[in-house]
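Dear colleague,

I am passing on the structure below, and after it I set out what was found. Please read the text with the coordinates open beside it.

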Amino acid sequence: MAQGSVRKKGKKWYYRYYVEDASGNKIQKECVGTESKAETEKLLRKAIADFEEKQFVAKTNSVTLAGLLDLWAEEELKVGTLSNGTVDNYLQAIGRIKQHPIADRKLKTVTAEHLQQYLDLLVFGGESPDGTEYKGYSKDYVHSFTAVLNQSFRFAVFPKNLITFNPMQYVVIHKKNEQADLFAEDTEDDGKVTAITHEQFLSLIDFLDKKHNPAVLPIQIAYYAGLRIGEACALTWSDINLEEQYLTVRRSVRRNGARKRVEIGTTKRNKIRTVDFGDTLTAILKQAKKEQLKNRMRYGELGYRNYYREVTEKNRVHYELYAVSRTKDIPEDYNELNLVCTKADGSYTSSEQVAAMCRTAAGKVKGLEGFHFHCLRHSYTTNLLANGAAPKDVQELLGHSDVSTTMNVYAHSTREAKRSSARLLDKVAAIG
């Protein structure tokens, strides 16, 4: 428990308190107060309470794994150079780790065996010591947990000197051993169709049109241009050249779970890319632009405009997205965005809303069982490759880091495309 006192210097009172560093040594912190002793004592109590709550200095004999994770997040993660999206993912992983009993263990008692058991639980699924059931997660999802644990334990060794070595260096990230069922009646590959047919796409649009749902436009953009859900929702009209038929992907919209704000950030690869499109999407976008102008006139002052605001926290810049009524005064630090994907009243369409409508459609439209927004990106790629597009061109349109990613992710084409490829050998035989 930190202790403190106040004393007067000249006209002002000062408060000081004593805390222990990682080695158990007492350190004095002194701050200037006010000309009122009572107010300065109040500042002292608040400073001590903040110190105890946030645990900026941890005691080696009492800090838990949860305490280490919070300390690492405050002192290193949030002030580091990682993107806001990655920071948010890591903070979510920290929250999940803290729900497991391993988080309550004293840091010095956490062994490589404890960490191995926990990560195996994430990979393979099973029951945790407190009875919670876990399902096996994907490799990419587990990666966030391993990155958090690796970096936080490294931080505990140096510079914090809370422990003498990093137990994560002895942990092996196991992989699931996928085995085929040799005696299954079903002869299909795995039953997971990641792409949808054009007929299914039209059924999806028809379902949404009947509901006048704003998810229609971002879904059309993804199907005809291959954009990710956040990229489609972040498009502005200045990003689109309707005459030369191309758009520029500069940013992405996502909800920051830790800050509970909708934010504009970078794309997944932190790169700007240009995507060409054809007459079909051109017509869709021209019609959408006309509809926006009509809605703006129809709603008038009852409508909304969209703005972003720059906020700096711990040397990290966030761009918060807001829909503001036309009747309200706009703060000076708000910057207007002329977004492409909006609701009828002009307010932005969030990626969360679009994803939720995709889940609804998956449960109500025949043939779309298991559908989610990313299937549209798969469909875009499958359609391009099936119709003779060069893999390198497709890679650049999608913004993949290399062409092998494009080919590996989208190797599972539709059943009919596989049949067509196999029948190419019949042409060879006929020539022979």
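Helix α7, which spans residues 216-225, is mostly covered, since 9 of its 10 residues are buried, where buried means under 20% relative accessible area, exposed means over 50%, and partly exposed lies in between (1.4 Å probe, protein chains only). The buried residues of α7 are Val216, Leu217, Pro218, Ile219, Gln220, Ile221, Ala222, Tyr223 and Ala225, and just after the helix Gly226 takes a positive phi of about 75°. Helices (H or I, at least four residues) and strands (E, at least two) are DSSP runs, numbered from the N terminus.

Before the rest, a note on how to read the values: this is a predicted model, in which local features need pLDDT of at least 70 and side-chain atom pairs count only at pLDDT 80 or more, whereas totals for chains, interfaces and linings use all residues. Residues are numbered from 1 along each chain as its sequence is written, and side-chain values use heavy atoms, with hydrogens and water left out.

Helix α7 also takes part in the lining of the second largest pocket, for α7 and α9 (279-299) are the elements that give two or more residues to it. A pocket here is defined on a 1 Å grid over the protein atoms alone, as an open set of points where a 1.4 Å probe fits, with protein on both sides within 12 Å along at least five of seven lines, and lining residues have an atom within 4 Å of a point. The volume of this second largest pocket is about 540 Å³, a volume being the space filled by probe spheres set on the points, which are joined across faces, edges and corners. Its lining consists of 19 residues, of which Asn213, Pro214, Glu291, Asn295 and Thr342 lie nearest the centre, and the largest share of the lining, 7 residues, comes from α9.

If residues up to four places away in sequence are not counted, Ile97 touches Leu65, Leu69, Ile102, Ala103, Tyr118, Phe145, Val148 and Leu149, contact meaning heavy atoms within 4.5 Å.

Two pairings make up the description: 2 bridges join β6 to β7, with Ile240 opposite Leu247 in β7, while 4 bridges join β7 (residues 246-249) to β10, with Leu247 opposite Val275 in β10. In a regular strand the side chains alternate between the two faces of the sheet. Strand β10 (residues 273-276) has a covered face, Arg273 and Val275, and an uncovered one, Thr274 and Asp276.

Some backbone details deserve a look. Gln245, in the loop between β6 and β7, has a phi near 60°, a positive value in a residue other than glycine, and at 21% relative accessibility Gln245 counts as partly exposed. Lys260, in the loop between β8 (252-256) and β9 (261-265), likewise has a positive phi, near 55°, and Lys260 is exposed, with a relative accessible area of 56%. A cis peptide bond, with omega about 20°, joins Phe158 and Pro159, and Pro159 is placed in the loop between α5 and α6 (198-210).

Finally, the cysteines: with a disulfide taken as a pair of cysteine sulfur atoms within 2.5 Å, the count comes to 0 disulfides. The sulfur of Cys358 is 8.6 Å from the closest cysteine sulfur, that of Cys375, which is too far for a bond. Cys358 is buried at 1% relative accessibility, and Cys375 is buried with a relative accessible area of 3%.

With kind regards

Conventions
Pairing = 2+ DSSP bridges.
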